[in-house]
Structure formats: C-alpha cells, structure tokens
Amino acid sequence: MKSLILSTAIKFLLPLLILFSFFLLMRGHNYPGGGFVGGLVAASAFALYTLAEGVDKAGKILKISPEFLIPAGLLTAVLSGTISLFFGEPVFKGMWFDYAFPLVGKFGTPFLFDIGVYFVVTGITLKIIFTILDY
Amino acid sequence: MLIVVSILLILSILSPLLYKIFKGITNWIITSVIITSLILFINYGKTIFSDDFLLESYEWFSSANINLEFYVDGLGFMFGIIVLGIGALIVLYSGYYLKGKEFTGRFYLYIVLFAASMFGLVISGNLIVMFVFWELTGISSFFLIGYYFYKEESRINAQQALLVTGFGGLALLAGFILIYLSAGTFSIKELLTKRELIVFTEIYPIILILILTGVFTKSAQVPFHFWLPNAMVAPAPISAYLHSATMVKAGIFLLMRLYPVMGDTNEWKYILSGFGIFTMLMGGFISVNQTDLKKILAYSTVSALGLMVTLMGISTQEAIQAAVVFLIAHALYKGSLFLIAGLVEHSADSRDINVLSGLYKTIPFLGIISFAAAASQSGVPLFFGFLGKELTYTSAIDTDFLKIFLPLMFLMANILMVCAALMAGVKPFIGEYEKEKVKISSFKYISPLILSFTGFAIFFIPGLLNNTIINPTVNAISGVETRIELSLWHGFNIPLLMSILTLAGGYYIYKYRNYFKLHIEDFLIFLTPSSVYHSMISGLKKIAFYQTRILQSGYLRNYLIVIFSFTLILMILPLLIGNKLAIFTGDLEIERYEIFLYSAIIISAIFVTVTKSRLSAIAALGVVGFGVAVIFIMHGAPDIAITQFAIEVLTVILFVIVLFKLPRFSNISKRKIKIRDTIFSVTAGVAVFFVLMLITNEKMRPLISDFYTENSWTLANGRNIVNVILVDFRAIDTFGEITVLAVAAFGIFALLKLTVINKKEEHK
Amino acid sequence: MYILISIVTGALFAAGIFMILRRSIVKLIIGLVLLSHAANLLIFTAGRMSMSQPPIIKEGAIFLNEPYADPLPQALILTAIVISFGLTAFAIILIKKTYLINKTEDLDELNTTDKIDKIG
C-alpha cells in the first residue's frame, strides 16, 4: 500500500519527529515528556516510514536492529541502578553530578534510566511492527 | 564472606560455558576454584579464633530488618570447610564418573549452585537469608535428583523430595517469622542474646514445632524420611554430597545454630530424642533388610541423622561434642562409601549385594579404601568413627536424661550401623570372584581415597582438630566457653565395653542376617508415610480433575462471565448491605462543555458495539482513545495525555496493518445471548458507576503523594513529579514494566515465527 | 464533575465487557482495548481529579503549591497505558495467528486443543 503523499511527507517528518522525541526525552524530568512518550514518538516516526517505504528500507535507515535496542535499553536501565552501589548507596538510588550541563541541565542516573526506557520502548514497538509486516 | 559466595555463584553460572571450552578437564578447573574459595574462607579463620565470630553485613531490605548478613563462628566455620572441602572432591570425582554422559555442563551448574547455596546457608547471619539459601539447596537438589530426567522414576522422586522439603521450608519460614515477632530481630547475632524472649513466650511450642518440621523434612527424620532413599536415583556423587555429607545435615546445622536460642528445654529434649531414637532404629532396621547398595547406605544415613538429632536432644556439652565429632566422621566415611558404590556399580554393573562379591581381586585398591570407610562407620579403633561412637556412649551414660534406656538405644542403632557397614563396604569385595576384570581410571580413586583416609589420619591428631574445629564449634553451639579434651584412650570403662559389644553384635547380625530377616517390612510399609504421600498426591490430582471438568468448559465466554459475576457480586454486596447509597451526597455539578466530550466518548463506545464494519469500529475506538486523552489533558495530566496520543496513533497503525488479514465481523451470537450479555454488561457498568461515585464522595488526603511532591525537587532534582516517580522513586517498578514489555515483544516474535501446519491445509 | 466521568467510565466498562463476551475474535480485541481505557479512567478518577495544574514544580519553587493534580495515579496510568499497548499488540498477533491456523473466527470452535497436530 504505497502512498505518494505518505512517502513524501515522511521524508521530512522523520528527522523532525526523531528530534522531537529526543526533545521529549531530554525535558522529561522537568516538564511533560520522558522516556516512555519519547520512545513512542520515535517508534511512530519509524512506523510511518515503514508503512511508506517497507521494512527493508526502514531497517537500513534505523541502522540498529530493534533486537539490539531492547536488551541495550534494559542494560542501560540496570546499569543506571547499579551505579549507586559503587558509592555505598542502595540499588536505584539516584546519583547526580553536582554542576549543571548546558542544554541538558543537571545530569544523573535517573536520566540514564529514562534513556534506557526510551530505547526499550522504541525497540519493542518497532520489533512488533517489523515482525507483523515481515510476516 | 560475600566474595566467597559470589565466586561460587558466578562459577555456577559459568560452568556450562567452561565445560564447552575445557570438556574433560572441567572438573579440575572447577575443583581448583572451589579449593581457592576454601582457602579464602579458611583465611577468615584467624579472625574467628581471636574474636569467636565474624560478622559481615550489607544493607538489603533494611526497612523490614532483613539485611544480607553473614555470621561465621566455630559452627559455621566447621560446616563451611565440610561443604567446600567435600564439594571440591565430589566435583573432581564427578568429572570421571559422568564421562561420556550428556548434559555434563548442566550437571556442574547445578552442583556448584548447590555448593554455593549450602555454603551460604551455613554462614548466613540472618534468618531470612538463611531461608533463601535453605530453599536454594532444595531447588538445586531437585534438579540433581532429577538429573536423569528422561527416566520417570527420577522425575517422580525429584518432585517428591522437592514437595516434602518445600513443605518443611514453608513451616520453617513461618517459624522464623514467629521468632521475629517474639524477639524483634532476624539477625542471628542478636538472637543469640535473646533466648528468654523466645523460650518463655506462650508461642514457644508452636515455634519449636514449626522449626522442627523444617529440620525433620530436610534431615529425613521419621515420618518425613521416605524422600531420602528415593532420592538415590541421583548419580552417585550427588548421593554422596547432598544426601549424606551436606544437605541432609542442614537440619542438624539448624538445630545446632538455634540451640542457644531455643534448645535445652523439656519440649526440645523429648521431641528431639523421641523422633531421633525412632528414626535411628527404624533406619537401622530397614538398612540391614536392603540388598541395593545405595539403599543400604541411604537408610543407614537416615539412621545416622536420627542419632545426631538424639544427641542434640540430650542437650549436654558432652552430647553436643559427640554430635559434632560424629557429624564430621559421618560426612567423611559416608561420602566415601557412596562414591565407592558408584565405582562398584561401574565396575560390576550391579548394585545388588547378593550378586556382588569378590571384587577385591579385580579392584583391590578400591577395596582397601572401602574397608577403611566401613571401619570408620563401624567405629573400629584407629578410625575417626571410633571417637564419635565412644563420645556418643559416654554422653548417653553421663546424662540423667532417660537413664539406661538411652545407652541401650544407641547400642542397638550402632550395632545395626556396623552391620550396614559390613554389607555395603565389605561384602562386595570379599568372597568368590566371578566377574571379569574391569579397569577403573586411577583418577576416580582420588576422592574416595582422600575422604576415607582423612578419617584415618585425623584420628591421630585429635588435639589439633579439637583446638581448631571441634572446640570452637561446641562452644559456638552451647554458648558456654569450655574445653573438653578429645583423647584417644579413655581406659577400660563402660563405653569401651559397649564399643566391643557393638562390633561383635554387628558382625553377628551380619553373619546371620538372613535369619534376622525380620518380618518388619509389612509393618513398615503400613507405617511409612510414603504411601500417605502417594495417596495425597493422587487425591490432589482427582480433585483437580473434577474441578477442571466442571469449571473448564472450553468456552471463553463462560469463564469470563464467571469471573465478572463474582467481581460484580463482591462490588455490589457491600453497597446493598451497608446501605451506602442512602448517604450519597456527591457533588453533581456538571460543566456544560464537558457534556460534549463525554457524550462523544459514550456514543463512540456504543457505536463500536453495534457497528458491522471493522474499519468504522476501529475508527470509533480511536475516537474513544483520543477522547480519554483529552480528559487527561483537561485534568492536569499532560504526561499521560501525550502518551495516550502516541499509543493511539500506534494502535491505529497496528490495526491498519493487521486489519486486512483479520476476518470480517460476523454476527454469530444468537439474539437471546445478545440480550443476556447486554443486561450483564450494563449491570456491570452501572455498578462501576456507583462504586466510583462512592469513592469520590469520600474526602481523600493523598499522604503518599505528599511525600513525592515535597521531595521531588529537593531529593530527586526533577520538576515533573510524574516522571520523577517513574524513573527515580519507583524505578524498580518501571524496570519491571519495561521488562514485561520486552517479553511481550519477543513473545510476538516467537508467535509469528513458529510455523504450525494446519490439518485442514494438509487435507486439501 | 465526578458524575459525568463516572458515567463515562461505567459506559466504557459496559461496552468493553459486552465486546469481550462476543464469539468473534476481532471483537474480543476491541473489547480489551475498551476495557483498558475504562480501567485507566477508573484509576484516574478514583485518585481524585480537579481542573487544576499539572504536578510540575514551577521554576524557582521547591515544593508544589496546591492545588495540583495527584501525580501518583498519573504515574501508574502512564505505565498501564504502555503495558496495555503491549498486551493489545500481543493479543492481535495471537488472534491473527489463531485465525490463520484454524480458519475460524468463532471462539466457540476453539474449545479444544486437539486441532493443532504438529508444531515445528
């Protein structure tokens, strides 16, 4: 079901939507947003692209396969929780840098956890859609 | 301590990989790692000798007073050395025993996991930590008993062992919790000083019975003994390690560990010695009536465990010392005998002692090792078992508890043990030689050799052993700082006379055992709760079958209706009984603009239920979803609103992809059923409406949320509280949820990649 | 304002239950989706709603000043939404696969396990 409108539009929309998803992820700790919705937006962007161009092309543009994204995200989330252990704190205690970075603001392990969530959600959604379309 | 446990656990996980790489020499590698951890552990010994104990504590669930604590005193030290030392030898032996068998990598995983959990059990300093390791030993034992999983017998007996010890484990957990309720701590170190809080409470008998249920199931006391002989379907090294040297002694360990906290009361003395005496005699009688080599050893292990329980019941310093010495001796000789039994079976292809004979001519070296182990079990002087037996007799004579009766019972049990030793350790090797020569690799001898001759060697260094191991252990158990000398020769006295009587009696029964074939078997079968166990299991299956026939009709609708009906009744009944509806005063304000949104949602929902077109149903479903998102946005929940929007987009995409491969809506249900379902679902909807109105009618003070709103910025550096809850305050929950999602994704993958051939297609 | 949202929640429950009681497997999935919406609304409403500010601390402030919407049910619902998406996707695939194998969309014909002969 190729559609000219969709495939033209998605070429411009894809980078924008991905940027938007990053934006949602970054601001998540202080404003509405976060890893869940960021991941979903990124996944919807790729899902639309996949509808327009097919799984093969989408896979090429994604570069990283969803099978890799899921465990990578889970691992990031786990690691973010274990960092505190090295400082003698309980698991999943948030650890923060003392100074704020430009653009991102304060950076700490909860943010890392959110990045993990972002990857897992993107990976899962894409995995589901790729699997269904592939079949 | 933690490092030793971690090394073992990591080794366990890695061992299948190690086996893939190193194949035949894996056992040497694993053994050397275990020996390394043993050396690490012995290094802690210095601290234990100077301070009497070593405590290591890591924060775990501190809010529930559960910390990852390790507490090693003389007792833990002794057990730790036994577990790791014998474990190393067993792994070494297993490599040669299992040569050419399948699933060897898996075997190493289980056995090292067992070693790690048994080690963790004996050094744990917190009752809950101990319980966790206790159950882990049960689980790894389950896998090891069922190692030959393609045999039904293995599976049934593994399940039996798991159910029996698992039942005991539950009782134990209940007992631990009651201890916590009376003493206010799970920590063993603290419990040791809080004896009066436990012994003098009203619930002390209940605690004791619960704990002893755990002990008796694990240590195979009558009436829970039956799983142990059945567990002999496991490979020989497993029988040697788990079912004689270590795991079955976990119960004895627990008795020793809790002795200062709850021992030495009248209940303790009578229950323990009652069950113990019964078990040691019954185990002894059954063992001499067996012909299977491993069964003889198994029942004599049951008997020995009974003896140790009895000794702990006597509760004197001497009896405790006797129990410790006997325990070490038993671990050495029984482990060795089981390993020898494995080699005998390999060599002669039989375990029947009526068939086995004259093996001394084929494998003389093994014969010598076996004689040494049998001699230790019989309590021949110059072997360590002799000391154990002497001390047993002495302690029985010196106590006022059950005078005369107790020594006689010990005498009888020991006579039967000598007979069992002769049958299992000597009989296969003497007599006429009839088998052809079967070669046994010399490496196989190493482990039984070391075990047997350790029992021989340490007889001559009782002083050293006494200072380093036995005395600290006895002191740790009794909590009294005393020194009992361990001497080889006590002079001519009653215990020596009894020892001589034991040997003579044992030989006499062995010689004329066919006349002694007491007709107790029928009696025992009646008594053996194995049959009770089987009838319970089959009864459970019958109940399951009947309830399945009634409840599992195979129609999804019926299940759902049952589930919803019960939920509905539970929801509606309180409303009617409490007459809550009468006090209904909820605020009934309606904002005008709300009406449009809400009616749009309701109309779409109704449209979904009546439409005949798939596409319009999905479109209407989308309207419902977006409408719900708008509700969220209106009521201060932008986070869930945007998530809902994104999900709605994805759901529609998903439906669009799949839609054309899905069947059209068809109108199958009968009119009558439709009406029934309509009434049913509308009732449910109305009930939900009333419940929700009642909930919102009450004032609520969100205490939990106050914590989050106050601390979100100060503690977690985040302004968006919803996000902070997700990624910081409740990060573990979120982690669980993304894991569930990952599982769902791989589930979908598996569903679609599984190819199922359709019968209908084949017919075409 | 609770009366209207309670009616909506009740209606969604009714529609969802009605749909999952149908024999058609496609309607079953739609029922599941409706039920998850209903459940989310139930949690959201039971956690009290107000026409108030989102639970976001303003720049410069340390605490959240009332009135604010309760963040806890929101956090619960957020994960529930994503989880129910996973569930829906799984159900859709399961049912599609079932349909492909059994060539029927009638749940009443799926009451035995004996129809699948070979797996592999």
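Chain C comprises three helices and one strand in this predicted model. Helices (H or I, at least four residues) and strands (E, at least two) are DSSP runs, numbered from the N terminus. The order from the N terminus is α-α-α-β. Residues are numbered from 1 along each chain as its sequence is written, and chains are lettered from A and ligands numbered from 1 in the order in which they are written. Because the model is predicted, local features need pLDDT of at least 70, side-chain atom pairs count only at pLDDT 80 or more, and totals for chains, interfaces and linings use all residues.

Chain C has 120 residues, of which 57% count as buried. A residue is buried if 20 or more other C-beta atoms lie within 10 Å of its own, exposed if 12 or fewer, and partly exposed in between, with C-beta atoms placed from the backbone. Two residues are in contact if their C-beta atoms, placed from the backbone, lie within 7 Å. Of the contacts in chain C between residues at least 6 apart in sequence, 52% join residues at least 24 apart. Helix 3 of chain C covers residues 71-102, 32 residues in total. Its first and last C-alpha atoms are 46 Å apart, close to the 46 Å expected at 1.5 Å a residue. That expected span is 1.5 Å times one less than the number of residues. C:Lys103 follows helix 3 of chain C and has a positive phi, near 55°.

Chain C meets chain B through 84 residues, which are in contact with 93 residues of chain B. On the chain C side, helix 1 (2-20), helix 2 (25-46), helix 3 and strand 1 (116-119) each supply at least two residues. Helix 3 of chain C gives the largest share, 22 residues. By class, this side has 54 nonpolar, 16 polar and 14 charged residues. Ala, Val, Leu, Ile, Met, Phe, Trp, Tyr, Cys and Pro count as nonpolar, Asp, Glu, Lys and Arg as charged, and the others, Gly among them, as polar.

Chain B also touches chain A. Here 34 residues of chain B are in contact with 37 residues of chain A. Helix 30 (638-659), helix 33 (721-729) and helix 34 (731-753) of chain B are the elements that give two or more residues to the chain B side. Helix 34 of chain B gives the most, with twelve residues. This side has 23 nonpolar, seven polar and four charged residues.

Within chain B, strand 1 (residues 53-61) and strand 2 run antiparallel and are joined by seven bridges. Strands pair if DSSP finds at least two bridges between them. B:Leu54 has B:Val72 of strand 2 as its bridge partner. The two strands form a hairpin with four residues between them, and B:Asn65 in the turn has a positive phi of about 60°. Strand 2 (residues 66-73) of chain B has six of its eight residues buried, so it is largely enclosed by the rest of the structure.

Helix 13 of chain B is mostly covered, with twelve of its 13 residues buried. Among them are B:Phe253, B:Met256 and B:Arg257. A kink of about 30° lies at B:Met256, shortly before the proline B:Pro260. The bend is the angle between axes fitted to the seven residues ending at a residue and the seven starting there. B:Asp264, with a positive phi near 60°, follows helix 13 of chain B.

Chain B averages a pLDDT of 86, and 93% of the residues score at least 70. pLDDT is the predictor's confidence in each residue, from 0 to 100. Over residues 757-764 of chain B, pLDDT stays under 50. Where pLDDT is low, the predicted coordinates should not be read in detail.
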